[in-house]
Amino acid sequence: MKDLRPVHYFLGMEILRTPNGLSLTQSKYIKDLLTRTKMQDAKHISSPVASGRRLSLHDGAPLDDPSEYRSVVGALQYLTLTRPDIAFAVNHVCQFMHQPTSAHWVAVKRILRYLNGTSTHGLFYKPGSLSLMAYSDADYAGDPDDRRSTGGYCLYLGSNLISWSSKKQGGVSRSSTEAEYSQLAYTAAAISWFRALFRDLQLSLSCPKLWCDNISAISLASNPVFHARTRHVEVDYHYVREKVVRQELDVRYLATHDQIADIFTKGLSISRFRLLTSKLPVRSSPVSLRGCIRCLLPLGLLSCIYVYHIPLSYLITLYPYHI
């Protein structure tokens, strides 16, 4: 075996270690994708999906050659490994892979324009507590074609985001309570998987907290009386209820304004999108100067450092494109 030393670049993913933690980005992958689609000079936009509107199968005219659409959307799927902020937008355009239209292609271009302005953004991880906490949310009957709900969750280990999902539910819900409760069950299953993983690693965790903004769904999880009007969600009910009774899950309420998983269920206003993105947290990666400085800096800048003792950090602000 050969020690390759700490990893810096792996399968399009850039890993940067700092004294405060670890940053994961896919900056080069994004730039290559923008170059391939000729979107590197496109105007930046503040969010990857428009607020308050869902695409339909019947929007726009069918594309003559859908291969480029499918190729770009496939590339965007891989990008969600470090960019949870585009998870909903990418999941949305993935639903039209079989017959994309011009309107769907415009939505893909919007995602690329957003990435063009945030190419250096990624996930940041830092040391923290070993406690699991999840946020679960669902957008009731949001799909205009089949009226299925879109569910989303995000799972934290301490303050670090370790898992997230944005996915259209498998069936049509008869109420918002059913949509929210089905998503609770899906999120509870993800929590159980991670608890089993940490148990195998011999790490003991406290009872995970699961936050939901639907009071009816929380009441259903906590009420030992099974209501007749909820018979159609019986499997999900018994699964979540069993976790609560065994004290393997603590389902709690939080206000909709504080629901982080909201970003995985619908298009949001720019201000709210930025607020939730900061809580994921998705942020710009720190400046990195790996390798020999003599190989990275022009001779003139080197003379400023060694002769005039000008700080390197100040030179970076003056000549960002030379570093």
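A residue counts as buried when its relative accessible area is under 20%. The exercises below concern a predicted model.

**Exercise 1.** Determine whether Y135 and Y156 are buried or exposed, and classify the aromatic pair that they form.

*Solution.* 
1. Y135 has a relative accessible area of 12%, and the value for Y156 is 4%.
2. The cut-off for a buried residue is under 20%, so Y135 is buried and Y156 is buried.
3. The ring centres of Y135 and Y156 lie 6.0 Å apart, with 80° between the planes.
4. Planes over 60 degrees apart count as edge-to-face; the pair of Y135 and Y156 is accordingly edge-to-face.
5. Y135 belongs to strand β5 (residues 132–139) and Y156 to strand β6 (residues 150–157). The pair thus links distant parts of the chain, 21 residues apart.

**Exercise 2.** Classify the aromatic pair of Y69 and W105, and state which helices hold the two residues.

*Solution.* 
1. The structure holds seven aromatic pairs. One of them joins Y69 and W105, at 6.3 Å centre to centre and with 55° between the planes.
2. Y69 is located in helix α2 (residues 67–79), whereas W105 is located in helix α4 (residues 102–117). The pair therefore ties together parts that are 36 residues apart in sequence.
3. Y69 is buried, at a relative accessible area of 1%; W105 is also buried, at 16%.

**Exercise 3.** Identify the residues that ring pairs link into a cluster.

*Solution.* The cluster consists of W193, F194 and F198, linked by ring pairs.

Technical notes: Residues are numbered from 1 along each chain as its sequence is written. This is a predicted model: local features need pLDDT of at least 70, side-chain atom pairs count only at pLDDT 80 or more; totals for chains, interfaces and linings use all residues. Side-chain values use heavy atoms; hydrogens and water are left out. Rings of Phe, Tyr and Trp (its six-membered ring) pair if their centres lie within 6.5 Å; planes under 30 degrees apart count as stacked, over 60 as edge-to-face and the rest as tilted. Helices (H or I, at least four residues) and strands (E, at least two) are DSSP runs, numbered from the N terminus. Buried means under 20% relative accessible area, exposed over 50%, partly exposed in between (1.4 Å probe, protein chains only).
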